[in-house]
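Keep the structure open beside the text as you read.

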There are 2 protein chains.
Amino acid sequence: MGIFQRFARLPLKPLCIWSLCPQYSTAFTVGRGLIVRSSQLIQHRYVHSRGLGASPGNLGAAPPRLPFSRVTQEDLAFFKTLLPERTITDPDLLKSCNVDWLKTVEGNSEVLLRPKTTEEVSQILRYCNERNLAVCPQGGNTGLVGGSVPVFDEIILSTSLMNQVITFDNISGCVLENLSNYLEERDFIMPLDLGAKGSCHIGGNVSTNAGGLRLLRYGSLRGTVLGLEVVLADGRVLNCLATLRKDNTGYDLKQLFIGSEGTLGVITAVSILCPRKPRAVNVAFLGCSSFQQLLETFQCCRGMLGEILSAFEFLDASCMSLLKKHLKLTNPITESPFYIVIETAGSNAAHDEEKLHNFLEEVMSSSIALWSLRERITEALTHEGYTYKYDISLPVEKIYDLVQDMRGHLGGMAKNVVGYGHVGDGNLHLNITSPSKDPVLLAAIEPYVYEWTSEWKGSISAEHGLGLKKRNYIYYSKPSEAVALMGSIKAMLDPKGILNPYKTLPDHIH
Amino acid sequence: MGIFQRFARLPLKPLCIWSLCPQYSTAFTVGRGLIVRSSQLIQHRYVHSRGLGASPGNLGAAPPRLPFSRVTQEDLAFFKTLLPERTITDPDLLKSCNVDWLKTVEGNSEVLLRPKTTEEVSQILRYCNERNLAVCPQGGNTGLVGGSVPVFDEIILSTSLMNQVITFDNISGCVLENLSNYLEERDFIMPLDLGAKGSCHIGGNVSTNAGGLRLLRYGSLRGTVLGLEVVLADGRVLNCLATLRKDNTGYDLKQLFIGSEGTLGVITAVSILCPRKPRAVNVAFLGCSSFQQLLETFQCCRGMLGEILSAFEFLDASCMSLLKKHLKLTNPITESPFYIVIETAGSNAAHDEEKLHNFLEEVMSSSIALWSLRERITEALTHEGYTYKYDISLPVEKIYDLVQDMRGHLGGMAKNVVGYGHVGDGNLHLNITSPSKDPVLLAAIEPYVYEWTSEWKGSISAEHGLGLKKRNYIYYSKPSEAVALMGSIKAMLDPKGILNPYKTLPDHIH
């Protein structure tokens with residue numbers, strides 16, 4: 001498992017073809033919404049309601065601690081023998097691993113283990129399973145739903161030292177660990193782009209089935225991950241580390257571990273199919289007068305850009321206001337209710353430019369088309385006070401209705417209700433801001449937002465997972481038969497429930 | 001679940017750019033290797049070794065019948081009440097459902113049930129589970145490994161009447177049942193192309209994780225299937241029929257049913273993401289002097305054709321001889337040891353033609369490049385007598401070594417040893433012919449072919465599945481921990497083992 005370093009930007013080759021774009025020269029200097037972790041303030045400490053359990057009004061709160069053993073001096077002695085320099089108990093060093101990236105959830109683990117090999121992970125889990133000690137696997141700790149930090153005193157099992165590239169094969173695929181420049185040098189790229197997230201790990205990406213910006217083009221990790229090595233709760237090593245593009249020999253077990261947020265096993269190695277690095281990357285920024293027009297533009301775009309379309313994202317005017325207000329970013333085009341970011345990636349620069357020209361000529365007749373910057377909305381939102389974040393999948397024509405309905409529903413209670421996201425994937429990031437944490441506002445948002453999503457057969461977590469915060473809302477997106485089956489799978493693979501407890505599955509399975 | 005009809009051919013727009021192509025005008029009249037089922041002869045009746053079980057020398061033979069109940073008059077009365085016109089017991093009508101497409105495996109089921117609704121499937125399975133009656137789910141019955149026909153007297157549960165398109169949404173995806181023209185009319189296509197197989201069903205495609213010709217471009221069904229509705233062994237209906245491109249709420253249960261060959265549940269509805277119909281499709285046919293040169297051409301092709309490459313397939317000179325001998329097809333280009341079929345599919349005809357021209361100009365300097373026909377190798381092979389068929393995944397640079405090693409290993413024992421397949425997926429179809437079935441030849445091929453594949457960490461079934469014939473060879477591609485876990489999943493979902501018994505999982509789990 002490897003550190004998935006901040007991904008080197010592909011050389012953007014923007015096209016400037018209309019004079020309506022006065023700030024063009026600065027419009028391309030902004031990265032993909034990179035958020036600097038160290039500059040984040042702790043805005044809110046997640047209240048665990050320890051011992052009380054999640055109340056009906058706050059199903060995301062922590063449940064009571066389950067009766068796991070507590071770490072003893074004998075346990076520490078075992079770990080220190082196994083990992084002499086890599087058993088961390090210094091509270092200062094533990095602090096950053098106990099709190100999540102958004103600084104909203106904090107555990108109080110007293111032990112951080114940093115194995116380097118699969119065998120070490122196996123020995124740790126075998127020991128913890130026998131001793132009934134709970135374990136929280138942690139990659140880059142960049143999750144947004146409280147899945148990557150301990151809730152109570154779970155042992156933190158960090159995979160940060162498991163960062164070797166095992167093999168690279170430029171025909172069949174690559175068994176990867178430390179990527180980024182490694183792949184770039186070989187003229188390949190990763191099929192997912194989470195460059196903005198800075199320090200996420202590929203093992204964590206796979207555990208959470210991370211989406212990101214390239215999904216529209218290369219599909220999800222369920223298609224691009226070719227193989228996994230996983231250590232099960234009792235220490236058994238499951239080697240499904242194939243590098244084959246096709247293999248129909250029995251059930252595809254690796255799929256169980258993709259997106260299960262560390263609750264079924266710890267991923268110790270990944271084999272992934274990497275696409276060729278595109279020769280040409282272009283970015284366009286457009287304004288639209290309505291969401292309906294934005295959808296029509298998307299349809300036109302899919303038809304005319306076809307196979308080179310790699311991203312189609314949107315933001316609304318409220319997002320643009322926040323970018324101006326907090327980050328001093330300039331809107332390079334005429335004020336519009338909606339803005340679109342389109343990226344193309346292809347093998348022939350001249351062809352791609354021509355396709356983009358043709359497309360823009362087509363849509364220029366009906367919308368304000370211009371080139372401009374890429375987005376830093378999430379960063380701007382952090383300056384607003386407290387943000388309630390929702391990651392919703394819906395039929396694409398419904399995604400902005402939710403934002404508008406929510407505005408009407410909340411009225412003056414919210415400071416801002418903004419929408420942005422991946423149009424190509426039907427994935428809305430709905431963000432509602434408030435000067436500070438506000439239980440009355442929260443009660444107005446939830447379960448309203450989940451009920452709305454469920455009514456339109458959407459997903460209450462498109463790409464962020466359920467983690468701690470959303471585990472009890474699973475029934476809004478999955479029928480009880482499905483949740484029951486998930487519970488059976490959990491019980492089969494982790495009978496003592498030591499792996500990432502309190503996450504993903506709800507407190508009570510109907 | 002729908003009938004996946006013979007897919008209307010996309011309009012091929014071939015380019016003729018070199019005069020070295022004398023038979024060009026006829027070279028494009030051949031379809032994608034369509035095999036007419038009704039013209040197939042029964043070449044061999046698979047010997048089940050009933051009651052004896054698979055012997056070490058023939059692990060693909062049927063095991064002893066398990067102690068399931070036998071169908072009684074009371075059972076028939078129940079089925080006839082539930083499905084008055086759709087409970088078939090006429091031996092003549094049952095015959096074609098008892099024998100596989102290759103005519104190599106034959107069961108003796110006495111009941112064929114043809115439900116029309118999910119509720120009927122649920123009632124059938126609930127009844128069979130209570131009565132301990134074994135069930136063989138059957139779609140189009142086009143499988144190649146004996147997975148789709150009963151081994152003994154299992155009840156055949158045919159999904160052929162479950163062929164309705166439920167919804168079609170040209171933005172988010174489509175919940176589909178009867179496809180083909182339906183999609184073409186709406187300017188979309190299926191992400192998999194099994195047009196050659198004539199009568200396969202989409203439910204069966206998903207159950208077997210069918211690969212096919214478009215996998216290189218659109219990826220496997222694990223990425224394109226958005227949702228499934230499945231009836232479990234005890235009749236419970238599991239509704240995971242989402243139409244969302246992204247959904248990270250809990251474990252992705254649908255993956256358990258994709259590729260599990262009907263042993264974990266019966267798929268009753270499928271939701272699948274369909275790509276836009278490409279505006280331009282081109283096909284090129286090239287000759288190569290060595291497999292090494294073929295691989296170099298593949299690398300060059302991936303770089304220069306990039307995102308429009310939709311297929312890269314190969315055949316060897318032995319295949320070409322069989323096409324000439326049995327089907328009177330003419331080789332339109334100079335005799336070569338290897339031939340390549342390249343297909344491109346894109347949104348801009350002029351761009352695609354230019355890319356293809358550039359690519360061909362590049363490779364023309366080092367290989368004989370020409371346009372020509374598409375292949376009908378499988379059909380030609382059926383004229384050779386008996387064919388031992390293997391569907392192997394390997395690192396792509398190794399795939400032809402297996403053919404050559406096998407030729408040396410078998411010497412004069414085999415009539416022909418031929419190789420063809422999907423280079424882009426590292427997938428070899430190795431076929432060994434003999435005038436008739438030959439146990440001595442078989443003993444020379446197996447387990448040699450499996451050991452060879454295992455040594456290079458390949459898959460002994462890239463896309464055909466394990467079914468009955470290959471179930472006991474699973475350990476060549478999967479470690480025993482993985483097979484044990486598959487057994488646990490089977491026991492969890494189908495505790496009585498009534499669903500498609502004797503298939504996929506080995507007779508003995510270590």
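**A guided walk through the model**

Y450(A) has a relative accessibility of 1%, so this residue counts as buried (buried means under 20% relative accessible area, exposed over 50%, partly exposed in between, with a 1.4 Å probe and protein chains only). Before we look at its surroundings, please note that this is a predicted model, in which local features need pLDDT of at least 70 and side-chain atom pairs count only at pLDDT 80 or more, while totals for chains, interfaces and linings use all residues. Residues are numbered from 1 along each chain as its sequence is written, chains are lettered from A and ligands numbered from 1 in the order in which they are written, and side-chain values use heavy atoms, with hydrogens and water left out.

Over all chains there are 35 aromatic pairs (rings of Phe, Tyr and Trp, the last by its six-membered ring, pair if their centres lie within 6.5 Å; planes under 30 degrees apart count as stacked, over 60 as edge-to-face and the rest as tilted). One of these joins Y450(A) to Y390(A) edge-to-face, with 6.0 Å from centre to centre and 75° between the planes. The two tyrosines link distant parts of the chain, 60 residues apart: Y390(A) belongs to strand β14 (residues 386-393) and Y450(A) to helix α16 (residues 448-455) of chain A (helices, H or I with at least four residues, and strands, E with at least two, are DSSP runs numbered from the N terminus). Y390(A) is also buried, at 3% relative accessibility.

In chain B, the rings of W452(B) and W456(B) have planes at 40° and centres 6.3 Å apart, so this pair is tilted. W452(B) is buried at 8%, whereas W456(B) is partly exposed at 36%. The charged end of K398(B) sits over the ring of W456(B), 3.8 Å from its centre (NZ of Lys or CZ of Arg within 6 Å of the ring centre and within 35 degrees of the ring normal). In chain A, the charged end of K398(A) sits over the ring of W456(A), at 3.9 Å from the centre. Also in chain A, F291(A), F314(A), F338(A) and Y400(A) form one aromatic cluster.

Now for the charged pairs. The structure holds 38 salt bridges over all chains (a side-chain nitrogen of Lys or Arg within 4 Å of a carboxyl oxygen of Asp or Glu). Among them is E307(A) with K355(A), at 3.8 Å from N to O. E307(A) lies in the loop between α10 (291-305) and β11 (309-316) and K355(A) in helix α12 (residues 349-364) of chain A, so the bridge ties together parts 48 residues apart in sequence. E307(A) is buried at 9%, and K355(A) is buried at 2%. K324(A) and E335(A) form a salt bridge too, with the closest N and O atoms 2.4 Å apart. Here K324(A) is partly exposed at 32%, while E335(A) is exposed at 52%.

How far can you trust the coordinates? Chain A has a mean pLDDT of 80, and 82% of its residues reach 70 or more (pLDDT is the predictor's confidence in each residue, from 0 to 100). Over residues 1-53 of chain A, however, the pLDDT is below 50, and over residues 366-374 of chain A it stays under 50. Where pLDDT is low, the predicted coordinates should not be read in detail.

Definitions and conventions: Contact = heavy atoms within 4.5 Å.
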